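Have the viewer open as you read.

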Amino acid sequence: MFKSTKGLLTLFFISLFISLFLILSLEKKEQDEFQILSEASLLLEKLNSDILMLRRHEKDFLSRKNNKYIILFNKAHRTIQTHILILIDDLQHEKIDSHLLITFRKSINRYADLFNQLALKQETLGYHESESKHLEVTLIAKELQTAVQNNKELNESIHSLVDHENNFILQRNMRYKDFFIFEKSILLKKIKDPKIKILLDIYTNRFLDFVQTEIDIGLNENLGLHGKMRTEVHESEDILVNLSKQLTFDLNAQSEDLKKFTHLFTFIIFVVMILISIVLVRFFMSESKVDELIILNKKLKHTLDELEHTQDKLIESEKMASLGSIVAGVAHEINTPLGIALTGITYFDSISLHIRELYTENDMSQDEFETYLNKTEEISEQIVSNITRASNLVQAFKQISVDQTHEEKRRFYVKEYTDGLILSISSQIKKTQLIIHNNIPKDVKVSTYPGAFGQVITNLIMNSILHGYINEKKGHIHIELKEEATQVVLSYKDDGKGINPKELPYIFDAFFTTKKSSGGTGLGLNILYNIVQKQFKGEVSCTSEINKGVHFTITIPSI
């Protein structure tokens, strides 16, 4: 009996040792597999973040015309390439198809090549009117004006050409090129001096070269390199969405297979240990032996609990983070009023020079002088109006920019802050026929995060502009806010086309958009949802009827 008991004890401890060894080995394998799968999921999220950062640097370069954004763009592109290579290695290790990832890499490379071509064209063109081709056209125009200053008729014709040149630069409209060519052909017949004809030809060639470069870059975001970049980046985003779906499915399948294997292996070990325990119980009926067996079973249970915990970690996964940022566009916003003011000052200088010449030559009539006074008064009013508008834009952006870069909770008047937000995106609103009614009472003051609140209002307005109205339809947006006992309720309504009932449940999902081809990213309402839920600890809901608009209701707990 003693020998049999000793043999069983030896067999039990050997079995226990082998089981523990196999469990630890399995746990290490699970941890390694979990590490690879987690890294693949994280890299996928980073690719979504990286492509948004790439687009941000592109837009910063286009709006601010600064070479540092080219460097940041290419640095972000190299980061994407690094993440793609690591992700390819992980997928190959897990024997997961990576052809979509390779297609995505090719697409994003084409996008980067187009951006660098555009940047080179822009550098050749010049970032400002005092650089490169801008400067070349301006210098030859001034030389031509000087050459014909004694001929009133020619001088006025040259001034007309300069006006068409400036209008093309400001409005990027091809009709001003046609006006320029037409008036140049008429002017050429009037010129007798061959030197002036040569200067006119040089001026024309430089202006047409300037125009062609602008055409290559793209007169709007749908043409030229702009349009090609936009098409390519949308293709990259579509591929990335499909890639995310494919990899999520494949990674879940890998996790499920490993989970099944772990369950099976755990069950086998558990059955073996139960059988051994049953045999031991039959040989150890004494209280002391039963106690020892209980202790061993507790150890086994603890080991199985650890294995179950490892399995739970294996099936954990984070939802993709919803990223977004609204790039402050002060330079872009004030470009138009300052450009108009600069054109006015240039024209003022030109007509002042002309009137001085007439005065010096004692050839100035009263009508010419009165015309000069009327023009200068009109130009002065235009300059003052546009510089004042630029100043107002800067003031509106100032507080908003501070709030977005220093996210601290503070008390503020909601109506005044919302008016500043509406002013800050006036460049987008003025392209529509929308009227925004800020019906928030003037005396309502809340304590929250102003930058996040501004993000919510901005995203709602931009969502209405992009999705709510077709063919520049007229419309109205109403923003209201009321205070209740334990919360404040923000109401946002528009009278646009509304949302399809089948699409309404998905509007807060990341990357869900019906306007991918028109610049939609599918992140606006998802960012809004996360701000309300996570930062405000509130709730957001949306109701809609076709052709009757949308109604967003946001509740924020009072503090």
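How many bridges join strand β5 to strand β7, and in which sense do the two run?

## The β5–β7 pairing

Keep in mind that this is a predicted model. Strand β5 (residues 487-494) is joined to strand β7 (residues 549-557) by 8 bridges, and the two run antiparallel.

The link between β4 and β5 is a hairpin through 3 residues. Glu-480 finds its bridge partner in β5 at Ser-491.

Is β5 buried or exposed? Of its 8 residues, 6 are buried, so the strand is largely enclosed by the rest of the structure.

Zooming out, you get an open sheet of 5 strands with mixed pairing, in the order β2-β4-β5-β7-β6. The edges belong to β2 (434-438) and β6 (539-545); each has a single partner strand, so one side of each is left without a neighbour in the sheet. From one strand to the next, the twist averages 10 degrees.

## Helices on the sheet

Two helices are worth a look here. Helix α12 (residues 414-424) packs on the sheet and touches β2 and β4 (475-483), with its direction at about 160 degrees to that of β2. Helix α15 (residues 524-535) lies across β6 and β7, and runs at about 140 degrees to β6.

Technical notes. Residues are numbered from 1 along each chain as its sequence is written. This is a predicted model: local features need pLDDT of at least 70, side-chain atom pairs count only at pLDDT 80 or more; totals for chains, interfaces and linings use all residues. Side-chain values use heavy atoms; hydrogens and water are left out. Two strands pair if DSSP finds at least two bridges between them. Helices (H or I, at least four residues) and strands (E, at least two) are DSSP runs, numbered from the N terminus. Axes are lines fitted to C-alpha atoms, for helices over the stretch in contact, and angles run from 0 to 180 degrees between N-to-C directions. Contact means heavy atoms within 4.5 Å. Buried means under 20% relative accessible area, exposed over 50%, partly exposed in between (1.4 Å probe, protein chains only).
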